[in-house]
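Good morning, everyone. Please take a look at the model on the screen before I start.

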Amino acid sequence: MMTPVVTGPFALGQALAEREQAALLRRRTPVEAASGGRIRVGGRDCLNVSGNDYLGLAGHPAIKAAFAAGVAQYGAGAGASPLVTGYSRAHQQLEETLAEWLGVEAVLLFNCGFSANQAVLKALLGKEHLLWQDRLNHASLQEMGSQLPCKMKRFGHNDMAALERLLEPSRGLIVSEGVFSMDGDQGPWGELSRLAARSGNWLMIDDAHGLGVLGPEGRGTLAAQGVSPGSVHVHMGTFGKALGVAGAFVGGSRELVEYLVNFARHYVYSTHMPPAQACAVTRSIELVRGADEARAHLARLVARFRQGAQALGWQLGASDTPIQPLLVGESSAALQLAERLRGRGVWAGAIRPPTVPVGTARLRITLCAAHGEDDVDRLLEALGPRLADERGGAHAP
C-alpha cells in the first residue's frame, strides 16, 4: 500500500492511494516484444489480445524496410515544425496518398490522434458556436470540448433522436466516432450525415479504429456504410492501429487544411513527425489497400470468438469489429479476470472507470489478422465458462 503524501499544495500520494483502494490505479508494464498477435513480457511469451495492431502490420518486413530507407534518406527526426523546415517530400507524398485513398481534397499530418482531435476543435470553435458530441467519444474530444468557450451538448450514445432534439441550425460542429474504442460498435453515419446536412452544421468523424479495418480497400467506416466522404466535413484517422506505425491526420477540403495550417496550434508549434515515419505509413497504406482477404479472415475470427464466448456465458458488447468488450462490471473483478488469463498465457487488458462508465469495467479483447482460429480457441479455453459469482454487476454501456 502506498504511503499518502499530504504535505504541500498537491496531495499526490493521497490521490494515488485512493485510486489503488478503488482498484483503479494504472501501472505500466514494460514489453520486450509484441508482434503478430504475440507479446513477450517478463521473459514469457503470451497470446496478445489487447493491442490495436488489427492487421498485424506493425512487424511487417516491408514497412520496417520503408522506415529504414526513410532514416537513411532523411535521418531519424524532422528537426523542426512543419512551417519551418520540418515538412519534407515524404510528408507531402503521404498526404497526397491519403487524400486519394480516402476521397478527400487534402490532408494534414499530426503526431498523434489526441493532438489532431484537439487541434481541430480548438481551431474551429469559438464562443458563438455549439459543439455536439456522442457521450462515448474519445477523451481527447471530450476534454477539449469542456475547455472551449463554446457550449458543448452531449447526446446519448448513438441516439440520433436525442441529437436531433439538441441541434440548432448552422451553429457549429457534430462529432462522433467511426468505431468506438471501448465498445467496438459503429456510429450511424448515414443518419449523422443526414442530420448535419439538414441542420446546416459541420460533421466530424474520428475513425481511428475503423481505418484500415472496415470497407473496401480498408477505407474505413464511411466506406463500409456507403456514406460519401464529401458529406463529412472533417476526417480524423490514425496510423498506430490497423496501419501498424504511428501518427495521425486530418482530412477534408483544401480550405479546411489551409485554415488548420494557419490556425491549428498543435500543428504550428510542434516538431513534425519524422519523415522516415511518413515513408513507413505510405508503404503501409499500399499493404492495407490490398488486404481484403486479411480483413475477411479477421471478420471470421471475430464471429468465432463471439459465438464461443456467448456459449460460455460471457456478456459481450454489440460489436462486430475487432474490438470485443467482455463486460464484467466491477473494476476488481476485471483485474482479477485479466490476471487469471495472464496466468494462462493470454494477455488481455482490464478497462476500468473513468475510461468507461462506472459499473461497466471490462476486458477489452482485440483480435488481429495475425491470429488464427487456434488462437481464438485458446482464448476461449483460457476464459472458460463464466462462474455464477462473475455474473453480477455488468450491463451494456
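First, the ground rules. This is a predicted model, where local features need pLDDT of at least 70, side-chain atom pairs count only at pLDDT 80 or more, and totals for chains, interfaces and linings use all residues. Residues are numbered from 1 along each chain as its sequence is written, and side-chain values use heavy atoms, with hydrogens and water left out.

Axes are lines fitted to C-alpha atoms, for helices over the stretch in contact, and angles run from 0 to 180 degrees between N-to-C directions. Under 35 degrees counts as roughly parallel, over 145 as roughly antiparallel, 65 to 115 as roughly perpendicular, and the rest as oblique. Contact means heavy atoms within 4.5 Å.

Start with helix H2 (residues 61-74) and helix H11 (residues 275-289). Their axes lie 7 Å apart, at an angle of about 150 degrees. H2 and H11 are therefore roughly antiparallel. The crossing of H2 past H11 is right-handed; that word applies if the near helix is turned clockwise from the far one by less than a right angle, and anticlockwise is left-handed. On the H2 side, the contact residues include Ala-62, Ile-63 and Phe-67. On the H11 side, they include Cys-279, Arg-283 and Leu-287. By class, this contact of H2 with H11 has 11 nonpolar, three polar and one charged. Here Ala, Val, Leu, Ile, Met, Phe, Trp, Tyr, Cys and Pro count as nonpolar, Asp, Glu, Lys and Arg as charged, and the others, Gly among them, as polar.

Next pair. Helix H12 (residues 292-311) and helix H14 (residues 373-383) pack at about 20 degrees, with axes 10 Å apart. H12 and H14 are therefore roughly parallel. H12 also passes H14 in a right-handed crossing. Leu-301, Arg-304, Phe-305, Gly-308 and Ala-309 of H12 meet residues of H14, among them Glu-373, Asp-377 and Leu-380. That contact of H12 with H14 has seven nonpolar, one polar and three charged residues.

Third pair. The axes of H4 and helix H9 (residues 254-263) come within 10 Å and cross at roughly 90 degrees. That makes H4 roughly perpendicular to H9. Val-120, Ala-123 and Leu-124 of H4 touch Leu-256, Tyr-259, Leu-260 and Phe-263 of H9. What classes are these residues? The contact of H4 with H9 has seven nonpolar, no polar and no charged.

On a 1 Å grid over the protein atoms alone, a cavity is a set of points where a 1.4 Å probe fits but cannot get out; a pocket is an open set with protein on both sides within 12 Å along at least five of seven lines; lining residues have an atom within 4 Å of a point. Grid points are joined across faces, edges and corners, and a volume is the space filled by probe spheres set on the points.

How many cavities of 30 Å³ or more are there? The structure holds one. The largest cavity contains about 40 Å³. Its lining includes Pro-82, Asn-111 and His-272. Strand S4 (106-110) and helix H10 (265-268) each supply at least two lining residues.

The largest pocket has a volume of about 1100 Å³. It is lined by 40 residues, with Arg-27, Gly-349, Ala-350, Ile-351 and Arg-352 nearest its centre. Which helix gives the most to this lining? H13 does, with four residues. The lining divides into 16 nonpolar, 13 polar and 11 charged.

Last, the backbone. Most residues other than glycine have a negative phi, and most peptide bonds are trans. Ser-170, not a glycine, has a positive phi of about 50 degrees. Pro-353 and Pro-354 are joined by a cis peptide bond, with omega about 10 degrees. Pro-354 sits in the loop between S14 and strand S15 (361-366).
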